[in-house]
Amino acid sequence: MKKMLKGLSVLEIIIGILAVIVAVGGLAMGGLMEGGAENGLQMQAVVTVKASAILGLISGLFNLGCGFCGFQGAGGNRGLLALAVILGWVGLLSAVASAVLLLFGSVTADRIGTAIASAIVPVLFLVSAMSVKRRR
């Protein structure tokens, strides 16, 4: 399970880096859009872009934290392993909340597939982190 936790941690770090890059790009795009916004509808779009970018940045930083704690915890750091389990629970609850919100409007096959797919990594991360913690 240590190898699985390390692999998932690396995946979390990669996802986190990509999310931060996209979020910074979104914030820059929102800033550029703000200069050309002429009416209320355009300003609403700017606020939406900026809010999405900020949420993406928070998500990316969370993924980086999960990945770092999981990788270090698999390597033997018990304190970071305990934190990785806590972050794993938070990540799983976040994925479940996201799935509920996704399915709130309409339940279609593609939305169900997206909801299930978004929970795979958090479930595997939490299971492997808890397994590594239990064996110590």
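The structure is a predicted model, in which local features need pLDDT of at least 70, side-chain atom pairs count only at pLDDT 80 or more, and totals for chains, interfaces and linings use all residues. Residues are numbered from 1 along each chain as its sequence is written, and side-chain values use heavy atoms, with hydrogens and water left out.

The chain contains four helices and zero strands. Helices (H or I, at least four residues) and strands (E, at least two) are DSSP runs, numbered from the N terminus. The order of elements from the N terminus is α-α-α-α. Along the principal axes, the C-alpha atoms fill a box of roughly 60 × 35 × 20 Å. The chain has 136 residues, of which 28% count as buried. Buried means under 20% relative accessible area, exposed means over 50%, and partly exposed lies in between (1.4 Å probe, protein chains only). Accessible areas come from the Shrake-Rupley method with a 1.4 Å probe; for residues, only the protein chains shown count as cover. Among contacts with a separation of 6 or more, 71% join residues 24 or more positions apart. A contact means heavy atoms within 4.5 Å.

The chain carries 10 positive and 4 negative charges, and their mean positions lie 31 Å apart. Lys and Arg count as positive and Asp and Glu as negative; His and the chain ends are not counted. The place of a charge is taken as NZ of Lys, CZ of Arg, CG of Asp or CD of Glu. Side chains of opposite charge can pair when their charged atoms come close. The count comes to one salt bridge, defined as a side-chain nitrogen of Lys or Arg within 4 Å of a carboxyl oxygen of Asp or Glu. K50 forms a salt bridge with E34, with the closest N and O atoms 2.5 Å apart. The pair links distant parts of the chain, as K50 lies in helix 2 and E34 in helix 1, 16 residues apart. K50 counts as partly exposed because its relative accessibility is 25%. E34 is also partly exposed, at 37%.

E12 sits in helix 1 (residues 2–36). E12 is buried yet has no salt bridge. Its nearest side chain of opposite charge, K6, is 17 Å away. Beyond residues up to four places away in sequence, E12 touches N63, L64, C66, G67, V121 and F125.

V49 belongs to helix 2 (residues 40–74). V49 has a relative accessible area of 26%, so it is partly exposed. Residues up to four places away aside, V49 touches G26, G30 and M33. V49 and I21 are 28 residues apart in sequence, and their C-alpha atoms are 15 Å apart.

A nonpolar surface patch is formed by M1, M4, V107, I112, I116, I120, V123, L124 and V127, with about 720 Å² of accessible area together. Patches are made of residues with over 30% relative accessible area and no salt bridge; like charges are joined within 9 Å, and nonpolar side chains (Val, Leu, Ile, Met, Phe, Trp, Tyr) within 5 Å. Helix 4 (residues 109–134) gives the largest share of the patch, six residues. I112 lies in helix 4. I112 is partly exposed because its relative accessible area is 35%. Neighbours within four places aside, I112 contacts L103 and V107. I112 and L102 are ten residues apart in sequence and 8.5 Å apart in space, C-alpha to C-alpha.
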